[in-house]
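I opened the notebook today to go through one structure, topic by topic. Here it is, followed by what I looked up.

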Amino acid sequence: MCGRFVVSQKVTDLTDVFDAEDDFPDWQPSFSIAPTEVVPIVRERADRETGEFTRRVEPAVWNFRPSFMKESKRPQFNSRIETVATNGLWKGAFAQGRCIVPMRGYYEWTGEPGSKRAHYLHGPAELLAAAGISTARKLDDGSWQVSTSIITREAKDASGEIHDRMPVYLPLDEVDHYLDPVKLDAGAMQAMVGWLLDVSDRVAATITEYEVDPRVNNSRRVDPGDPTLIEPIDAADSSS
C-alpha cells in the first residue's frame with residue numbers, strides 16, 4: 001500500500017531527470033502528500049495540433065476517477081498489479097494511460113490505533129519512479145481533470161517488514177519503456193505486468209526504512225512543506 005508520500009523535488013528537478021516539459025509551474029515540494037491531493041506525474045501524450053507525443057510533468061489528482069466512474073466515497077489511489085491489466089476500472093488506463101509518479105519516499109505505519117509508529121521508506125537516491133496509471137475526465141465547467149493511481153505489488157525486503165504492499169518502482173533507466181505511449185492489447189498488458197515485476201525487484205532490494213516522528217500520522221495537522229517530517233528519530237525516542 002502507499003497512502004502518503006513525499007515529493008521533495010522542484011518541478012525543474014523533475015523535468016531535468018525525466019527529460020520532460022514543465023506543465024505544472026505551480027508545484028511546490030511536499031513532505032506529506034495524502035490521497036485526493038494534486039501531485040506531479042510524468043506522462044507522454046499527443047499534441048492536439050501536431051499529433052506528436054511530448055513528455056510532460058503535469059498535475060493529477062491522486063484519486064483515480066475515469067469518466068465512466070460515478071462518485072465514490074472511497075478514494076481510488078492504489079491499483080494492484082495483480083489486476084491492473086484485467087480489472088475494468090484500471091485496464092483501459094494501463095493500456096494507454098501509463099505514467100510515472102515521482103517521489104522521494106513514502107510512509108507506512110505499524111502498531112495499534114492510538115499508538116501508531118510512523119516509518120519512512122526510501123531508496124539510496126532522492127528520487128524514486130513509481131509506476132502509475134492516469135485518466136482524464138471533463139468537468140462540468142468544460143475543463144479537463146487528470147487523475148492518477150499508483151500501482152502496488154507484494155512488498156519485498158525491508159518494505160515487507162513494515163507492510164505487505166509497496167509501490168512498483170522502476171529503475172530510472174527503464175522509465176522510457178513504461179512511458180511508451182503505444183496502446184497495449186491484452187497480451188501486451190500481461191507482458192508489461194511481468195516486466196514490471198522483474199524490474200521493480202531491482203529497486204525493492206534497495207529500499208530501506210527508519211522511524212519518524214508520529215506527528216506525521218495526522219495529515220491534516222502537519223505542515224507539508226516541513227522537511228523535518230522525514231528526519232529519523234532515535235530508538236530511545238521511539239520507545240518513550
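Which residues is Met103 in contact with, leaving aside its neighbours within four places in sequence? I found Cys2, Phe5, Val6, Val7, Glu126, Leu127, Leu128, Ala130, Ile150 and Tyr169 in contact with Met103, where contact means heavy atoms within 4.5 Å.

A note on the ground rules before I go on. This is a predicted model, in which local features need pLDDT of at least 70 and side-chain atom pairs count only at pLDDT 80 or more, while totals for chains, interfaces and linings use all residues. Residues are numbered from 1 along each chain as its sequence is written, and side-chain values use heavy atoms, with hydrogens and water left out.

**Cores**

I looked up the nonpolar cores next. A nonpolar core is a set of buried Ala, Val, Leu, Ile, Met, Phe, Trp, Tyr and Cys residues joined through side-chain atoms within 4.5 Å. Buried means under 20% relative accessible area, exposed means over 50%, and partly exposed lies in between (1.4 Å probe, protein chains only). The largest core has 61 residues, and Phe5, Phe94, Met103, Tyr178 and Leu196 touch the most other members. Helix α5 (residues 186–204) gives this core its largest share, eight residues. I took helices (H or I, at least four residues) and strands (E, at least two) as DSSP runs, numbered from the N terminus. There is also a second, separate core of ten residues, with Ala118, Val212, Val222 and Ile230 among them. For context, nonpolar side chains tend to be buried together in soluble globular proteins.

**Aromatic pairs**

How many aromatic pairs does the structure hold? I noted eight. Rings of Phe, Tyr and Trp (its six-membered ring) pair if their centres lie within 6.5 Å; planes under 30 degrees apart count as stacked, over 60 as edge-to-face and the rest as tilted.

Phe24 and Trp27 are a tilted pair, because their planes stand at 50°, with the ring centres 5.7 Å apart. Phe24 is buried at 10% relative accessible area, and Trp27 is buried at 9%.

Trp62 and Phe77 are edge-to-face, with 5.3 Å centre to centre and 70° between the planes. They sit 15 residues apart, both in the loop between β5 (53–61) and β6 (78–80). Trp62 is buried at 0% relative accessibility, and Phe77 is buried at 15%. I also found one aromatic cluster, formed by Tyr107, Trp109, Tyr120 and Tyr210.

Beyond four places in sequence, Ser149 is in contact with Phe64, Gln76, Phe77, Asn78, Ser79, Trp90, Gly132 and Ile133. Ser149 belongs to strand β11 (residues 144–154). Is Ser149 buried or exposed? Ser149 counts as buried because its relative accessibility is 0%.

Ser30 is in strand β3 (residues 30–33) and is buried at 7% relative accessibility. Not counting residues up to four places away in sequence, Ser30 touches Val6, Val7, Ser8 and Pro224.

Asp226 lies in the loop between β14 (208–212) and α6 (235–239). Asp226 is buried, with a relative accessible area of 19%. Leaving aside neighbours within four places in sequence, I have Asp226 in contact with Phe31 and Arg215. Asp226 and Asp201 are 25 residues apart in sequence, with 31 Å between their C-alpha atoms.

**Positive phi**

Asp19 has a positive phi of about 50°. Asp19 lies in the loop between α1 (11–18) and β2 (21–22) and is exposed, with a relative accessible area of 66%. Asp157 has a positive phi near 55°. Asp157 is placed in helix α3 (residues 157–162) and counts as partly exposed at 44% relative accessibility.
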